[in-house]
Amino acid sequence: MFYKLPKLSYAYDALEPYFDKKTMQIHHTKHHNTYITNANLALSKIPEVMQNMSVEMLLTNLNKVPEKQRYILRNNAGGHANHSLFWRILTPNANNPHGAIKCAIESNFINLENFRNQFDNYAKLHFGSGWIWLIINKYGKLLIKSTFNQDNPLAPKYLGGFESTPLLCIDVWEHAYYLKYQNRRVDYINAFWNLINWDFIENLYTTTLSKISR
């Protein structure tokens with residue numbers, strides 16, 4: 001299953017004024033596409049059974065990938081998975097947390113304000129490139145975590161992950177915001193909250209929770 005660049009459900013300028021058109025276009029067609037190109041080259045060198053896995057399943061089983069290609073796929077399949085989720089989390093028609101995910105956030109973080117403050121602090125204080133995540137672990141607990149480079153929460157712990165499913169993420173690589181915000185990462189983080197598709201996250205949470213509960 002070789003990867004393809006996913007089509008966005010909105011135009012590159014649809015997230016203005018929070019995320020600018022040029023950044024979105026470069027981020028999607030250049031950065032994300034490069035991860036796909038590199039991942040596909042590595043995929044061609046691993047067993048066919050692994051080639052046919054979804055990117056999420058491959059990352060979950062990253063420890064089983066032949067060592068010569070493991071680091072390449074950790075970064076590039078990870079980059080593909082991370083960005084694919086990020087695009088789906090964003091929307092020009094943002095809404096507020098509701099339903100089961102709202103209840104879960106309040107149960108795990110006291111209230112929505114406290115959750116956002118904790119998430120923001122992770123994003124502000126993360127040194128260098130990486131991602132900040134809201135994840136659900138195998139026990140159904142919500143946690144805020146950070147990963148470096150293009151590590152994904154699905155991966156085994158010794159390969160940069162948490163063996164958990166990501167629900168929400170923000171890209172804190174400078175290429176995600178530098179054209180518009182330069183070194184003002186805090187402004188970028190604040191802008192992010194105006195673009196979140198909580199309908200998508202609600203569906204992802206309830207689907208994941210139902211699998212855990214089986």
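Q: How far apart do the centres of domain 1 and domain 2 lie?
A: The C-alpha centres of domain 1 and domain 2 are 19 Å apart. Domain 1 covers 21-89 and domain 2 covers 99-213, with bounds taken from an automatic or database domain assignment.

Q: What kind of model is this, and how are residues numbered?
A: This is a predicted model, in which local features need pLDDT of at least 70 and side-chain atom pairs count only at pLDDT 80 or more, while totals for chains, interfaces and linings use all residues. Residues are numbered from 1 along each chain as its sequence is written, and side-chain values use heavy atoms, with hydrogens and water left out.

Q: How many residues of each domain are in contact?
A: On the domain 1 side 23 residues are in contact with 32 residues of domain 2, contact meaning heavy atoms within 4.5 Å.

Q: And what is the area buried between them?
A: About 2200 Å² is buried between domain 1 and domain 2, with carbon and sulfur atoms giving 63% of it. Buried area is the accessible area (1.4 Å probe) that two parts lose on being put together, summed over both. In domain 1, the residues losing the most area to domain 2 are R74, N82 and I89, together 31% of what that side buries.

Q: Which residue forms a salt bridge with R74?
A: D151 does, with the closest N and O atoms 2.7 Å apart. The rule (a side-chain nitrogen of Lys or Arg within 4 Å of a carboxyl oxygen of Asp or Glu) finds one salt bridge across the interface of domain 1 and domain 2.

Q: Which helices supply the domain 1 side?
A: Helix 1 (21-43), helix 3 (55-60) and helix 4 (67-89) each supply at least two residues of the side that touches domain 2. The largest share, 12 residues, comes from helix 4. Helices here are DSSP runs (H or I, at least four residues), numbered from the N terminus.

Q: Changing topic: where does UniProt place the "binding site"?
A: The unreviewed UniProt entry places that feature at H27, H83, D171 and H175. These residues are spread over 149 residues of sequence, yet they cluster in space, the largest C-alpha distance being 12.3 Å. UniProt positions are given in the numbering used here, feature names are shortened, and annotations may be inferred rather than shown by experiment.

Q: Which helix holds H27?
A: H27 lies in helix 1.
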